[in-house]
Amino acid sequence: MTSAPPDVNELSATLSEHMNGFLYTASLYAVTRFGVAEHLVDGPRTPAELAELTDVSGPHLHRILRYLATRDVFREDEQGRFHLTPLANLLRPGVPASLHDSFLMLGNEELYWKPMGKLYETVRTGHTVFDDMYGAQFFPYLQTVPELSTLFNAGTAGFSRQWIDQIASSYEFPAGARVVDIGGGRGDLLRGVLAAHPAITGTLYDQESVLAEHRLDVPELAGRWSVEAGDFFERVPADYDYYLLKSVLHDWSDDDCLRILKSVRQGMREDSRLLVVDPVIPRGNEPHASKTIDAMMMVIHDGKERTQEEFEDILGTAGFRVHRTLPTPGLMSIVEATVA
């Protein structure tokens with residue numbers, strides 16, 4: 001018995017909804033930028049009330065909220081008032097697992113919106129359009145626009161906070177270990193690792209402008225951390241037991257990754273260990289966030305997510321040997337390597 005052919009009208013409707021995905025992103029950015037979720041903490045409000053509080057057009061805000069409610073972001077009741085939902089709550093700053101700063105980053109016109117609109121050019125030419133649009137690679141460009149650098153650091157930290165505890169608890173650092181987090185941004189991962197392992201010390205290594213926003217100076221970590229400024233393409237701190245590279249290699253092409261790994265290799269002792277913390281793309285056609293991020297990386301950074309085989313290949317080329325890959329409960333995996 002053969003199955004009935006798919007209904008072409010249903011397929012068309014599904015594909016049309018996917019086609020409008022950019023509207024969903026734009027709507028989430030708009031309500032996040034206007035702080036709508038913050039005004040629903042104490043109870044539901046009408047669009048007119050929300051419009052007065054946020055200084056926007058009430059009828060237009062209503063239409064966006066009604067659209068988002070179809071995806072469980074806000075909920076409209078029979079009186080026309082909108083309620084905070086668990087998804088909408090994550091648009092608020094300061095709540096656990098908040099994505100407020102991340103939406104402000106991804107919805108920023110200059111950083112992501114315009115380059116994403118030219119994805120077809122990246123596919124056509126084989127290199128990121130960001131460089132062509134702004135005359136510089138992503139990270140050097142951020143150094144020239146401090147407000148965008150701050151926006152990016154906050155947005156990536158928002159994503160990172162989802163995984164910190166999962167990463168920190170998935171690897172057992174021995175007592176007395178000295179850890180350096182290379183390109184560690186504001187230090188969220190190092191802070192989590194030090195908190196989970198009270199008998200180790202750590203150093204945060206990044207550019208000076210990034211270190212100015214670090215989050216390590218808290219009482220519970222007193223005396224166990226330091227910061228050091230530098231460029232991981234040129235050198236990294238020497239003589240540490242563990243070298244962390246979280247969400248670093250995925251920002252760069254294979255050639256640039258080899259330059260980074262060469263610097264790390266020169267700083268490591270023969271008995272040091274390298275921990276690469278990134279998603280590992282699984283086989284098959286099932287949805288996985290790593291595949292989404294991978295498509296985004298090639299537009300903005302000329303970077304990529306990698307499969308297990310690709311990690312083994314690039315680390316092997318750089319003079320490392322992969323010992324094991326530890327999955328964490330979330331998106332990230334820990335690829336552990338030593339000097340070959």
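## Helix 15 against helix 17

Helix 15 and helix 17 cross with a right-handed sense. This is a predicted model. Helix 15 spans residues 254-267 and helix 17 spans residues 308-317; their axes approach to within 9 Å, with a crossing angle of roughly 50°.

On the side of helix 15, the contact is made by Asp254, Cys257, Leu258 and Leu261, while helix 17 contributes Ile314, Leu315 and Thr317. Sorted by class, the residues in this contact are five nonpolar, one polar and one charged.

Seven strands make up an open sheet with mixed pairing, and their order is 5-4-3-6-7-11-10. Strand 5 (225-229) and strand 10 (320-327) are the edge strands, each pairing on one side only. From one strand to the next, the twist averages 20°.

Strands of a sheet pair through backbone hydrogen bonds, in either a parallel or an antiparallel way. Strand 6 (residues 242-246) and strand 7 (residues 273-278) run parallel and are joined by five bridges. Lys246 has Val277 in strand 7 as its bridge partner.

## Helix 15 on the sheet

Helix 15 also lies across strand 6, strand 7, strand 10 and strand 11 (333-339). Relative to strand 6, helix 15 runs at about 165°.

Methods:
Residues are numbered from 1 along each chain as its sequence is written. This is a predicted model: local features need pLDDT of at least 70, side-chain atom pairs count only at pLDDT 80 or more; totals for chains, interfaces and linings use all residues. Side-chain values use heavy atoms; hydrogens and water are left out. Axes are lines fitted to C-alpha atoms, for helices over the stretch in contact, and angles run from 0 to 180 degrees between N-to-C directions. Helices (H or I, at least four residues) and strands (E, at least two) are DSSP runs, numbered from the N terminus. A crossing is left-handed if the near helix is turned anticlockwise from the far one by less than a right angle, and right-handed if clockwise. Contact means heavy atoms within 4.5 Å. Ala, Val, Leu, Ile, Met, Phe, Trp, Tyr, Cys and Pro count as nonpolar, Asp, Glu, Lys and Arg as charged, and the others, Gly among them, as polar. Two strands pair if DSSP finds at least two bridges between them.
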